[in-house]
Every structure is written in C-alpha cells, then in structure tokens.
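Dear colleague,

I am handing over the structure we spoke about, and you will find it just below this note. After it I have set out what was found, topic by topic, so that you can follow each point with the model open beside you.

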Amino acid sequence: MTVKEAIRARTESADEVRGGDEGRDEGEHTSPGTSAATVAAGRAAQELGLRRSEFELAVHLGLIAVTTGPGGGRPRVREREIARLREDPGFPDGLAERVRTVGTAEGAALLGIVPARFTRLARAGCVSPVTFYLNRYRAVVWLYLADELASFAVREPELLAGRTPLGMRTMLEAGGDRRARNWRNQRIDRLLKRTADPWARAAVEASALDSAHLAEVVEDPYERAYLARVRPEPVFGRPGSVAARETMGELMLADDPDEILWRRINLTLGLDFAREERPAPRPGDDPGARMTPAAGSTSRVAPPQALLVAEAAPPLSSSAGETSSGVREPGGKRLLARLGWRRRNDG
C-alpha cells in the first residue's frame, strides 16, 4: 500500500474503525475475568486473522481487550470481544492494517522518500518506533506502525521533501537520536494507561531509571523493593532470547540528562501520590495488603497531568531550581532538592 492509498483509506474509515476504541476504558485490558466465555490467545488470533506477533502488538496498543482470572494465568480474550472486532465493517483487513509494522526500507517506500531521509526523520523524533528486533549481528532494528506513518504524511507533508529544517539539522549533526527515547516514552505511557494503582504507576516511572538514580530518589529500600514487585509488565511481547531481554533492559533506561531529570520528577510526584494512598509494606505486614488501599481510604484516580513526559519538558535553565520546581513538600524542601539532583557539570 502506498502512502496515497493509506491516506485515502484513513480518511474514509477513520471514524468507523476507531470510534469504538476511543471511548473504551483502558482499565478493561487488565481487569479480572468474569463468567463470560473466553478463549486462549492463540485461538483469538486465529479467529481475528492475525499472526501471533500482530495479535500481541494489538493487545499492546489497546486494540484488543484481554482478561486474566483472579488467580492470574495466561491472558485470555472474551468471545464478545472477538465478536465485536469481527463485526467491524473493515474486518479483517482494517485490524491487520492497524498493526502492520515496517522497517526503514519499507517505511521509506510507503512515504515515497529514500531510506536515508526516513532514518533522519526517525532519529529526529518525527516518527516513533513501536517495537524492535535484533538482527543476526545483534543490532537493534526498529519497526514502525504503517498506520502512524500514514498519519505523519498527512500531518507533516513538508518534511517529506525539500530542505531539512535548521533545528532538526543541527540536532542530527550533533549526533542526536530520539528513536529509543520515543519508543521508551510510548511504552511507558501505554503501561500507565493499564493501571490506576498509584504504586504501580510510580513503578512504571521508576523503570526508566538506573539503580543509582533510583536510589537517590527513593531512599527507602522497602519502597524500592515494593516498586520492583508491583511494576506492571506488558501482557504480551516480552523478548524471548537472552540477548533481546538484555537489550530491552538497556533501552528501557533514560540516557539523556533532561529525560532523566523529568523521569525523576515524575517518580517523585508519583511517590507523593502513592504514599498518600497507602504506605509501602514492611516486613511482617499482611502480604494481602500489598495492592489493597488502606482501610478507610478512598479510591483515587490517576495522578494529575502535572506528571509531564520528557518531550513536553521545558529546557533546563540555571533558574530551574527556583522557578520550575514550585511544588514543595510539607517540610518546605524544593522539588529538585528532594530529587537529590546534583549538577554534575558544576566545578
């Protein structure tokens, strides 16, 4: 499918194909199972006309709701969910197209540009990878949603031809590459949508920090251990090989100073929210209370939008500690002081 065909298809069917998903509660993806009839993931993929990798990506993207029983176990799909998807006017091609991934060469062909320009657009953060695999040399090969590339072509046609904007060109010449960062942000955002538990949400933010940064923000070892226990993982799509798991572990860690700072800020604010809901368990506490709000507490919604993602963060300036950290804890410490942030470049 060419970019023109993709654009035309999106224009004609966007309202029909996407309308049913936009209003769905994201919490449905991991809610406990009910008495409704369910089928195994393999059978669900077969009935939906998807390969297993496509099915897993559809779950990751929130296109297919899955459920698990109260005791855990492998995720399953309700029969009514399969029926809903099969009744879509665009089925089966519409669903398959929404999870179709392409590499650099195919993505460039879809947009009608040369692979070198596509790579530059990806490195500049114009398009974001949704997944990756390791080639035989154990190098990361990024994959992109064809559907999102078509959206980009509609949204930014001027970037497909002509001279690269100066700011983008400067960033690329300096060696900038936002592919891993964008993949990381999207993955974290999707995990956050799957849970309203404040400790689990804080754990997702913590997953982007290495052990040294994490220890600076979360000084209590019991809280760090609790964050490791409650961190939600993708329902599907965990890398199978040891090399792929190691690579994902490396890619999950923020590696740019401003991204690290904002993840630390998000984690600090998230911890405040979680501690208000309930304390982290200590040795001797009731294990059943790990994921249960304290008695008398009310269920809280997700933290406010003040938890900014890295892309939305303003550039760090010398006055950031005074002006952008107006949130203070009861003791009166400024947020950056609570983060344990050190200006490592200072003399």
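**The chain as a whole**

The chain has 17 helices and six strands, and please keep in mind from the start that this is a predicted model. Of the 347 residues in the chain, 44% are buried. If you look at the contacts in the chain with a separation of 6 or more, 75% of them are between residues 24 or more positions apart.

In soluble globular proteins, nonpolar side chains tend to be buried together. Here the largest nonpolar core has 32 residues, and the members that touch the most other members are L111, F118, L121, L149 and F152. Two or more residues of this core come from each of the helices α6 (104-111), α7 (115-123), α8 (146-155), α9 (166-173), α10 (179-193) and α14 (242-251), and also from the strand β6 (140-145). The element that gives the most to this core is α10, with five residues.

Which residues of helix α11 are buried? They are P198, W199, A200, R201, A202, A203, V204, E205 and A206. Because nine of the nine residues of this helix (residues 198-206) are buried, α11 is largely enclosed by the rest of the structure. The elements against which the buried residues of α11 pack are α10, α12 (211-217), α13 (221-230) and α15 (257-277). At the start of α11 there is a further detail to look for, in that a side-chain oxygen of D197 comes to within 3.1 Å of the backbone nitrogen of W199.

In helix α4 (residues 79-86), the buried residues are E81, I82 and L85. Seen down the axis of α4, these buried residues fall within an arc of 100°, and therefore they line one face of the helix.

**The cavity**

Rolling a probe the size of a water molecule over the atoms shows where empty space is left. When the whole structure is searched in this way, one cavity of 30 Å³ or more is found. The largest cavity holds about 50 Å³ of space, and its lining is formed by R117, R120, L121, L159, T164, P165, M168 and L172. The elements that give two or more residues to this lining are α7 and α9, and α7 gives the most, with three residues. You have already met L121, which is one of the residues that touch the most other members of the largest nonpolar core.

**Some single residues**

R181 is found in helix α10, and because its relative accessible area is 7%, under the 20% cut-off, R181 counts as buried. Although R181 and A254 are 73 residues apart in sequence, their C-alpha atoms are 7.2 Å apart in space.

A280 is found in the loop between α15 and α16 (320-323), and A280 is buried too, with a relative accessible area of 6%. Leaving aside neighbours within four places in sequence, A280 is in contact with W199, Y222, E223, Y226 and D285. In the case of E223, which is 57 residues from A280 along the chain, the C-alpha atoms of the two residues are separated by 5.6 Å.

I64 has its place in the loop between α3 (52-60) and β2 (67-69), and with a relative accessible area of 0% I64 is buried.

**Two points of backbone geometry**

Most residues other than glycine have a negative phi, and most peptide bonds are trans. With that in mind, please look at the bond joining F91 and P92, which is a cis peptide bond with omega at about 0°; P92 is found in the loop between α4 and α5 (93-98). Please look also at R138, a residue other than glycine whose phi has a positive value, near 60°. R138 lies in the loop between β5 (131-134) and β6, and R138 is exposed, with a relative accessible area of 63%.

With best wishes

Technical notes: Residues numbered from 1 in each chain as written. Predicted model: local features only at pLDDT ≥ 70, side-chain atom pairs only at ≥ 80, totals over all residues. Heavy atoms only, no water. Core = buried A, V, L, I, M, F, W, Y, C linked by side-chain atoms within 4.5 Å. Buried < 20%, exposed > 50% of the residue type's maximum accessible area, 1.4 Å probe, protein only. Helix = DSSP H or I, 4+ residues; strand = E, 2+ residues; numbered from the N terminus. Contact = heavy atoms within 4.5 Å. Polar contact = N/O pair within 3.5 Å; in protein donor to acceptor, adjacent residues only side chain to side chain. Arc of directions from axis to C-beta. 1 Å grid on protein atoms, 1.4 Å probe; cavity = no way out; pocket = protein on both sides within 12 Å on 5 of 7 lines; lining within 4 Å. Points joined across faces, edges and corners; volume = space filled by probe spheres on them.
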